[in-house]
Amino acid sequence: MIKPVIKWTGSKRSQAPEILKNIPDKYNVYYEPFVGGGSILYALFPEKAICGDICDPLIALWNAIKDNPVKLAKAYRQRWTRLQEEGYTAYYAIRDDFNRTGSPEDLMFLSRTCVNGLIRFNANGEFNNSLHHTRPGIHPDSLEKIIMDWSNHIKGAMFYAEDYQKTTALAKEGDFVYLDPPYFHTIGRYYGTSSIDFEEFLDFLDGLNQRGIKFMLSFDGKRGDTDYTVELPEELYKRHIFVASGNSSFKKVMDKESQQVYESLYMNY
């Protein structure tokens with residue numbers, strides 16, 4: 001499985017092999033306007049890609065991985081060493097620094113030493129996850145290798161802090177768009193806003209069809225016996241399949257019950 005450089009909620013690491021099987025063999029530019037943790041970008045390794053997200057700190061971190069991997073790895077080593085020497089106070093001092101400056105070096109450190117590696121922001125855009133006290137964080141030697149590997153894989157990508165419509169504005173026939181938006185039934189905040197407008201998103205998909213652009217959409221599916229599938233207008237897509245994405249960790253923790261999760265994959269080709 002892909003070793004993540006950025007741990008992000010909704011990662012497609014486990015589904016990547018199945019998703020790649022359904023991506024067209026040929027396309028010009030690859031677009032991923034909800035890039036998140038970038039697992040499909042990494043696995044696909046496109047020659048040219050346009051990626052985006054409205055989360056400015058995330059995009060700043062992606063650009064640091066791409067353009068300054070050595071500096072980023074060195075910065076993590078310095079902060080990690082400080083944490084081992086000073087203890088928990090170092091973590092919270094660095095978190096305060098990030099919330100003041102938005103430094104991608106600080107965010108890299110926080111993401112690898114916080115509880116469950118979960119990048120989480122409050123309504124004001126401040127990082128608010130706590131230190132994972134029982135773990136020291138990934139060792140700098142290991143993370144350096146991961147950063148350098150990812151930097152090589154994303155050299156052909158451009159990253160923009162924009163919404164999905166602006167990120168894909170220049171897409172044209174012959175290009176390919178992979179969409180992994182916040183799911184319809186997801187409860188919580190999409191950075192800086194409550195959610196994306198569903199009707200507006202459907203209009204966007206229709207626009208891609210009108211422009212002759214192939215797209216793939218990851219969306220709500222099933223968990224155990226519960227079906228969360230969203231009824232998308234059938235004229236928007238040609239195929240709908242389910243992709244296994246492991247067991248529900250939430251149900252396992254809360255109810256001591258293991259449930260298989262399947263996510264929807266819609267394609268207009």
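This note walks through the predicted model point by point, from the overall fold down to single residues.

1. **Ground rules.** This is a predicted model, in which local features need pLDDT of at least 70 and side-chain atom pairs count only at pLDDT 80 or more, while totals for chains, interfaces and linings use all residues. Residues are numbered from 1 along each chain as its sequence is written, and side-chain values use heavy atoms, with hydrogens and water left out.

2. **Overall build.** The protein has 10 helices and eight strands; helices (H or I, at least four residues) and strands (E, at least two) are DSSP runs, numbered from the N terminus. Its radius of gyration is 19 Å, close to the 18 Å that the globule rule gives for 269 residues, so the protein is as compact as a globular protein of that length. That radius is taken over C-alpha atoms, and the globule rule is 2.2 Å times the number of residues to the power 0.38. Along the principal axes, the C-alpha trace spans about 60 × 45 × 35 Å.

3. **Surface and interior.** Of the 269 residues, 48% count as buried. Here buried means under 20% relative accessible area, exposed over 50%, and partly exposed in between (1.4 Å probe, protein chains only). The accessible surface comes to about 13,700 Å², and 48% of that surface belongs to carbon and sulfur atoms; areas come from the Shrake-Rupley method with a 1.4 Å probe, and for residues only the protein chains shown count as cover. Among contacts between residues at least 6 apart in sequence, 69% join residues at least 24 apart, where contact means heavy atoms within 4.5 Å.

4. **Helix α7.** At 1.5 Å a residue, the 14 residues of α7 (residues 140-153) should span 20 Å, and the end C-alpha atoms are 20 Å apart, which agrees. The expected span is 1.5 Å times one less than the number of residues. Buried in α7 are P140, L143, I146, I147, W150, S151 and H153. Seen down the axis, these buried residues fall within an arc of 155°, so they line one face of the helix; the arc is that of the directions from the helix axis to the C-beta atoms. An α-helix has 3.6 residues a turn, so residues three or four places apart point the same way. The cover over the buried residues of α7 includes α2 (39-44), α3 (56-67), α4 (69-86) and α6 (104-111).

5. **Helix α5.** The 14 residues of α5 (residues 88-101) reach 20 Å from first C-alpha to last, close to the 20 Å expected at 1.5 Å a residue. Its buried residues are A90, Y91, I94, R95 and F98. They cover an arc of only 135° around the axis, which puts them on the same side of α5. Their packing partners are α3, α4 and α6. Just after α5, G102 takes a positive phi of about 75°.

6. Most residues other than glycine have a negative phi, and two residues here deserve a look. F45, in the loop between α2 and β2 (49-52), has a phi near 55° and is partly exposed, at 40% relative accessible area. N116 has a positive phi of about 60°; this residue sits in the loop between α6 and α7 and is exposed, with a relative accessible area of 58%.

7. **N128.** The loop between α6 and α7 also holds N128, which is partly exposed at 28% relative accessible area. Leaving aside neighbours within four places in sequence, N128 is in contact with R95, R120, F121 and N122. N128 and C114 are 14 residues apart in sequence and 9.4 Å apart in space, C-alpha to C-alpha.

8. **Aromatic residues.** The structure holds 23 aromatic pairs. Rings of Phe, Tyr and Trp (its six-membered ring) pair if their centres lie within 6.5 Å; planes under 30 degrees apart count as stacked, over 60 as edge-to-face and the rest as tilted. Y27 and Y30 form a tilted pair, 6.5 Å centre to centre with 50° between the planes. Y27 is partly exposed, at 22% relative accessible area, whereas Y30 is buried, at 0%. One aromatic cluster is formed by F34, Y164, Y183, F184, F198, F201, F204 and F219.

9. **S245.** In strand β7 (residues 239-247) lies S245, which counts as buried at 16% relative accessibility. Beyond neighbours within four places in sequence, S245 is in contact with S14, Q15, Q260, V261, Y262 and E263.
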